[in-house]
Amino acid sequence: MAEIGTEATPRARRRAAAVNEGGNPGGGWRDHLGSLAFLAPGAIFLLAITVYPLAATARNSFYDATASNYVGLANYKEIFSTSSILVTFRNNVIWVIVFPFLVTFIGLVYGVLSERIRWSTAFKTIIFMPIVFSATASALVWRTIFDLDPHIGIVNATIQTASDWINPPGLYPVDPSAGQSVAGLVATGVSAGPKDSLESSSTVTAGNPVELGLIGISPATLQLVGAQTAVVPTASPGAVTGLVWRDFSPSNPTARGQVLPDELGFPGLKLTLLRSDGTSAGTAVSDAHGDFSFGSVGSGSYKVQIDSSNFSSGFTGIFWLGTQSLTPTSSLNQTAQALLSVPLVDISMILAYLWIWAGFAMVVIGAGLASLDREVLEAARLDGAGEWQTFRRMTMPMLAPVLIVVIVTMLINVLKIFDIILNMAPGSSQGDANTLALAMYNFGFTGGLGNWGLASALAVILFILVIPAIVLNLRRIRG
Amino acid sequence: MSVVSPATKPGSPATKPVNLERRSLLSAIRPSRAILNIVLVVSAVFWLVPTIGLAIISLRPESLFQQSGWWTALTAPSQLTLSNYQTLFAQGLVARGVLDSLITSLEITVPATLLVTIISSLTAYSLVFGRWPGRSVVFLVIVGLLVVPIQVALIPVVQEYRVFGDLSGFNPFGTIPGVVIFHVAFGLPFGIFLMYNFYSGIPKEMLEAGRIDGAGEWQLFRRVALPLGLPAAASLMIFQFIWVWNDLLVALIFLGNNKHATLTIFLFEQTRTLAANYWIISTGAMISIFIPLIVFFSFQRYFVRGVLAGAVK
Amino acid sequence: MASVTFDHVVKRYTSDLTVVKDFNVEVADKEFMVLVGPSGCGKSTALRMLAGLESISEGQIRIGDRVINNIAAKDRDIAMVFQSYALYPHMSVYDNMAFPLQMQHMKKAEIDKRVKSASSSLGLGNFLDRKPRALSGGQRQRVALGRAIVRNPQVFLLDEPLSNLDAKLRAQTRIELQKLHRDLGTTFIYVTHDQVEAMTMGDRIAIMNAGILQQVGTPGDIYDHPANIFVAGFVGTPTMNFVAATVQDGVATASGFHVKLPKALPAAKGILGFRPEAVTDRIPDPDSAMEMKVDVVERLGSDQFLYGKVGGDSVTARVDPRIKVEPGDSIKLGLDTRTLHFFDSETELALL
């Protein structure tokens, strides 16, 4: 038995040597085989589904749409000369510049402030919870929030409420954005006045009722505000009287300029009596029949003004998911516009994404704060640093590695941004909100067979963009 | 959420000056408590609005949607009804319906999660406790793979699936295994990274004791490393579950023309084809976040741990 | 037969990093052998090679007649107690102790019998259901011992098993371990950096430094006849006095005194060594008396140590605790010439 080990046959010696090189004791080659068997499933997956495809994509990027004919750099040339693809770079740049820093800043603020409240666990849970939302679901939520219609979108609804409070809409809103105009209401005895108001066409005097006919407002609208049959008021000495009525008779459509029994008055109109020098001689509000009266005005000639406030449409909504640019680019040529404009939809999507990820930043930074060496901070306080100085000179520098981790993580995340754009930007904004990852998907997998060469080139560019992050990660792991 | 809220160190010496308390040390500014609370309450409300809005929209009848904002239901709770859910559930398991999609999502997510966890544990075990040469290089490669965008693999994997189909008669493209395989591969680098870090914290002596006690590699893995790694595995499972559950891109491509769809595809198609059907979209979105929310609230501690361990992906 | 033989064993990590150099020790069956040396001296590596946790670069290790170089750790029939105890935190005390037996596919009833008997002899009977983290340090240490005992191994390895215990418990456990060794009748190999543990527990001691075995012997042997300066300085507290000296005509002359050597040596320069207990207030031979200028006085109750200068050399003396000495005093001391050592200043080997 003793001889088995002592007998130094060449084979045994080789085996022992091989074992020793691996630092592997006694057990022989079987231990290696065991370890490698553990490694095998992971290695197969990684080699087949990530490592090899990485190389294959690099190859495909030099091939044509079907990945079968070599085309050299043609795909890359196309990418850098097509403005609709260049837009994706612009959007990636916007995301990369704005999002990581914004989310880290908010995470830092929340992380620091929430340490000081009693309900910090609840607060952190609320901020952190959206992390379980898929970008798809969150895009749909935020699409509703930013809806143009103030009856649906809470953002526009809030703005409308505030704006109506400051500048309430009139009874008869005229929405210029819908192609309507105040001047379009003119029918009989009125003409367009300054600033979306209307005026009687001729001067009026006391005792002579004036008839002002308007069209373009539906009977339904009028009935909603309590309109009744238009009645010409009786003349009253010393007072300017008159009526505003809907100068359109359903039974006699061509009869204009006469007050007919099936025509309605305009109730609730705010009117001003103007002297010839334009100053106000009094105000009045029309009644249900459209009648109004400015009492005791004395002699002289006036004009009756239907105030512009009657037609104010108030706030009608901002199209947050639209492509209007936040930077002035109209003076630039088309390519420069494509590259330099910042479409509003980008900002809206960034806000939606912020909602998902701020909690992540807060939690990571919060853990960083919690792991700081308290004694260092206490030493700083004993050395005479105030709270702000302690924060800026001690907490921030010690926290810097954590902040960098958050920024880099978010940077990689938004480089690959895809689902939120596909789902949140409406069809009309997709082209302007496009990103590299989305373009890669669109070129590769939509529209029939797709263009695999171009899509691969986009994927390669995406990979090149994350290489600095790979290097950083490796440095962090090794150092 | 114990990980998130660091407790003040107990039993600080009595001699310590009062103004050196942790709270005041950590903070930059000293706004009055009231202002601080107001700012954070407003923030919390902002953060809650989207979720609450989504929930209410899904609980209001379709007819009310265009007429008035969902927030009117806050003062008129009688608006709320389960009818949207009833309508969707009444469809039953119709292909590409919400219930069918829910099941498809589970069919993809559960195996992908389990496979990633098991394979990651095996690989990490080999990397940490194995003694074969080149381990550290392999680990660095895996760290490098952590941030590789999935876009670089999509087209070649479709091609590989096709070749595999030609050879074996089974083309995974357009099937649930096809989606799972892709998810497993791209979940592995993070999974291995997380398990590697955890296993590295296990004293090597623990495994050495096992070896001396007579355990082979498989027994060491099953009896020592795997049970010790459970907390990390739990974090990984939760992370991976939510990751796969929320995926749209991989399912969109690799399910292809499959007659079943995941929940994310269901939602995506609803927005594309029936842009006005907010009630379906909102109800579907609520259903899609239901399971992740349960996971989030039940396993928050592990989830936070996973987030902290893998703040690299 | 469970003797252990290290036969020209070498551990080399890279070509210029060798942590164990030509290590030769024979541990007899049932012997309590202590491997001692400063940290990084290679003693743990030697033990781990024996355990099968490190490969053997050169040479052979035998247990009995069996060469174990290529036998896996699990098949070597040895048990080991780790410094950190390496208890499995997810298993109860019972399961920790049962684990090695389960690995041998032992019958449940036999496992139960062995675990129960080992745990009751270690006083762990009431803690079998506890997890390790619910135990005190001393209890954990005993679980680690129990896990080794149940296997009834051929060789029992202990790697600094006491270093995580407090001083009182450590002294107590030293005694328990010796008793355990007697009761088990198994070969023990014990690694420590603490020379007190080595001296008190070992049947024999192997002292290592920088990967090289310095001396093997019984505690008394090593204390009285250290083979070189390293061993002489490593064993004994306070440490041995070393002064440069010149030998001429059987008399060694240092900077502050001279002493007649008990044995003739050729004329040479070297290092004279003498333990503090050899320098006392009793003056047996006025010729070798010395005058010490005292710097520090350490009173320990039973002993009183004086640290000071004799001529140009630092010397430690052990004097009667009743003598009143203050720092700054000068005191006349005598040297017991029977326990003198003299070392070659080049090779550092003992000449006397």
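Where is P203(B) found in chain B? P203(B) sits in the loop that links α7 (176-200) to α8 (204-212), where helices (H or I, at least four residues) and strands (E, at least two) are DSSP runs numbered from the N terminus. The model is predicted: local features need pLDDT of at least 70, side-chain atom pairs count only at pLDDT 80 or more, and totals for chains, interfaces and linings use all residues. Residues are numbered from 1 along each chain as its sequence is written, chains are lettered from A and ligands numbered from 1 in the order in which they are written, and side-chain values use heavy atoms, with hydrogens and water left out.

Chain B has 14 helices and zero strands. Of its 313 residues, 58% are buried, that is, under 20% relative accessible area, with exposed meaning over 50% and partly exposed in between (1.4 Å probe, protein chains only). P203(B) counts as partly exposed because its relative accessibility is 41%. Between the C-alpha atoms of P203(B) and R272(B), 69 residues apart along the chain, the separation is 54 Å.

Among contacts in chain B (heavy atoms within 4.5 Å) with a separation of 6 or more, 72% join residues 24 or more positions apart.

The accessible surface of chain B is about 12400 Å², and carbon and sulfur atoms supply 68% of that area. Such areas come from the Shrake-Rupley method with a 1.4 Å probe; for residues, only the protein chains shown count as cover.

I118(B) lies in helix α4 of chain B.
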